[in-house]
Amino acid sequence: MNESIKKTKLVLDLDKTIWDCYDKNFNEIWAKQLVPPFSLSNNSNDLTDDVGGTCRLKADFRIFLEEVFNLGLTISYLSVGARLGVPLEFQPSFLALKKFEILKYFLGDSYLLYKTEKKINYFYKDQSYLFIDDSDEVLKSVNDLEYINAIDAKFIKSWKKQTLKVQELLKTN
Ligand SMILES: [Mg+2]
């Protein structure tokens, strides 16, 4: 395994980066607004909640996740989509990761934080990171840090192609 894979951590935002969630009228919602229990629809990329809400994994995200996992990257999630005062095992986002059966790929230190927390406080200078997030504010906050290589999720048209991009970025690190 090459050195940059060993030292680089892949950190993924959840809402609007790896999935999109909707209420029963197809208005966009955050995953924290989903109401468990969840069920998976015929296609395992769609989850339905108890009140007609849905959560859809981005197209080909599963393929990407498995590929980068197999490359040996340590993968974490970092989200400010926590419901206040709810233990992790009852958090809708955590339950969604479980239901989609993708929690097993997130072996790095992961954080599901309340919305007032700053993500920048969860990166450490002695590590290097590939960080994928859709929030302009968050991306701007890490822009000047040389140990964080950030990718704007809004520009990801195909997750399939992201594995190549990750490999290229690792080469230049
Ligand atoms: Mg987001």
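Two residues are in contact if their C-beta atoms, placed from the backbone, lie within 7 Å. In this predicted model, local features require a pLDDT of at least 70 and side-chain atom pairs count only at pLDDT 80 or more, while totals for chains, interfaces and linings use all residues. Residues are numbered from 1 along each chain as its sequence is written. Helices (H or I, at least four residues) and strands (E, at least two) are DSSP runs, numbered from the N terminus.

**The sheet**

- Five strands form an open sheet in the order β8-β7-β1-β9-β10, and the pairing is parallel; two strands pair if DSSP finds at least two bridges between them.
- The edge strands are β8 and β10 (148–152), each of which pairs on one side only.
- Strand β1 (residues 8–12) runs parallel to strand β7 (residues 74–79), and four bridges join them.
- Within β7, Y77 is the bridge partner of L12, and S76 is the bridge partner of V11.
- Strand β7 is also joined by two bridges to strand β8 (residues 111–112), again in parallel.
- On the β8 side, L112 is the bridge partner of S79.

**The crossover and helix α3**

- From β7 the chain crosses through helix α3 (residues 92–99) to β8, and this β-α-β crossover is right-handed; that is, with the strands pointing away from the viewer, the path from the first strand over the helix to the second runs clockwise.
- Helix α3 is largely enclosed by the rest of the structure, because seven of its eight residues are buried.
- A residue is buried if 20 or more other C-beta atoms lie within 10 Å of its own, exposed if 12 or fewer, and partly exposed in between.
- The buried residues of α3 are P92, S93, F94, L95, A96, L97 and K99.
- Their cover includes β4 (39–40), β5 (46–48), β6 (54–57), β7 and β8.
- Just after α3, E101 takes a positive phi of about 60°.

**The packing of helices α2 and α5**

- Helix α2 (residues 61–71) packs with helix α5 (residues 159–172) at an angle of about 25°, their axes being 7 Å apart.
- These axes are lines fitted to C-alpha atoms over the stretch in contact, and angles run from 0 to 180 degrees between N-to-C directions.
- Helices α2 and α5 are therefore roughly parallel to each other, a description that covers angles under 35 degrees.
- The contact is made by F61, I63, F64, E67 and V68 of α2 and by W159, K160, Q162, T163 and V166 of α5.

Key
Angles under 35 degrees count as roughly parallel, over 145 as roughly antiparallel, 65 to 115 as roughly perpendicular and the rest as oblique.
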